[in-house]
Amino acid sequence: MAASSRAQVLDLYRAMLRESKRFGAYNYRTYAIRRIRDAFRENKNVKDPVEIQALVNKAKRDLGIIRRQVHIGQMYSTDKLVIENQEKPRA
C-alpha cells in the first residue's frame, strides 16, 4: 500500500471512530466502534490497489451514514442506561 493511501485509510479509520463515539445511545455507540475495528482488522492484509480503493469508497459512504445517524440520534435524546451511569472504582 502506498504511503498516501495508508495515511488516507488511517485518517478514515480515525474519523469513523471519532464520529461513532458521538452516538448518544450506548448500544449504537459500542456496536459501531466494534464493527469498525473488526472491519479494518479483517481487511488489513489486502494488497490489491483496486480492492483497497473499493474498500475506502465503501468506508467513506459508511462514514456519511454514521454522521447522519448521529445527527438524527441527537434530535431524539434518551436517558442513559444503567451501565453508563456506573462510577469507576477507586484504586
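Author: Let's start with Ser 20, which lies in helix 1. Keep in mind that this is a predicted model.

Reader: Is Ser 20 buried or exposed?

Author: Ser 20 is buried, because its relative accessibility is 0% and the cut-off for buried is under 20%.

Reader: Which backbone oxygen lies 2.9 Å from a polar atom of the Ser 20 side chain?

Author: That of Met 16.

Reader: And what does Ser 20 touch, not counting residues up to four places away in sequence?

Author: Ser 20 touches Arg 29, Ala 32, Ile 33, Ile 36 and Ile 66.

Reader: Which residues are buried in helix 2?

Author: Arg 29, Ala 32, Ile 33 and Ile 36 are buried there. Seen down the axis of helix 2, the buried residues fall within an arc of 95°, so they line one face of the helix.

Reader: Why would residues three or four places apart point the same way?

Author: Because an α-helix has 3.6 residues a turn.

Reader: What is on the face of helix 2 turned away from the buried side?

Author: That face carries exposed residues, namely Asn 27, Arg 41 and Glu 42.

Reader: What span should helix 2 have, and how far apart are its end C-alpha atoms?

Author: Helix 2 has 17 residues, so at 1.5 Å a residue it should span 24 Å. The end C-alpha atoms are 24 Å apart, which agrees.

Reader: Switching topic. Which residues does UniProt list for "binding site"?

Author: The UniProt record lists Arg 6 and Lys 44 under that heading. The lining of the largest pocket includes both Arg 6 and Lys 44.

Reader: Where is each of them placed, Arg 6 and then Lys 44?

Author: Arg 6 is in helix 1, which covers residues 3-20. Lys 44 is in the loop between helix 2 (26-42) and helix 3 (49-75).

Reader: Is Lys 44 buried or exposed?

Author: Lys 44 counts as exposed, because its relative accessibility is 57% and the cut-off for exposed is over 50%.

Reader: At which residue does UniProt place "modified residue: N6-succinyllysine"?

Author: The UniProt record places that feature at Lys 47. Lys 47 lies in the loop between helix 2 and helix 3. With a relative accessible area of 64%, Lys 47 is exposed.

Reader: Let's move to the tail. Where is Leu 81?

Author: Leu 81 is in the segment after helix 3. At 36% relative accessibility, Leu 81 counts as partly exposed.

Reader: What is Leu 81 in contact with, leaving aside its neighbours within four places in sequence?

Author: Leu 81 is in contact with Tyr 26 and Asn 27. Asn 27 has come up already, as one of the exposed residues of helix 2. The C-alpha atoms of Leu 81 and Ala 25 are separated by 8.5 Å, although the two are 56 residues apart along the chain.

Reader: Now the whole chain. How many helices and strands are there?

Author: The protein chain has 3 helices and 0 strands, and from the N terminus on its elements run α-α-α.

Reader: And what share of the residues counts as buried?

Author: 23% of the 91 residues.

Reader: Among contacts between residues at least 6 apart in sequence, what share joins residues at least 24 apart?

Author: In the protein chain, 67% of those contacts do.

Conventions. Residues are numbered from 1 along each chain as its sequence is written. This is a predicted model: local features need pLDDT of at least 70, side-chain atom pairs count only at pLDDT 80 or more; totals for chains, interfaces and linings use all residues. Side-chain values use heavy atoms; hydrogens and water are left out. UniProt positions are given in the numbering used here, feature names are shortened, and annotations may be inferred rather than shown by experiment. On a 1 Å grid over the protein atoms alone, a cavity is a set of points where a 1.4 Å probe fits but cannot get out, and a pocket is an open set with protein on both sides within 12 Å along at least five of seven lines; lining residues have an atom within 4 Å of a point. Helices (H or I, at least four residues) and strands (E, at least two) are DSSP runs, numbered from the N terminus. Buried means under 20% relative accessible area, exposed over 50%, partly exposed in between (1.4 Å probe, protein chains only). A polar contact is a pair of N or O atoms within 3.5 Å; within protein, one must be able to donate a hydrogen and the other to accept it, and residues adjacent in sequence count only if both atoms are side-chain atoms. Contact means heavy atoms within 4.5 Å. The expected span of a helix is 1.5 Å times one less than its number of residues. The arc is that of the directions from the helix axis to the C-beta atoms.
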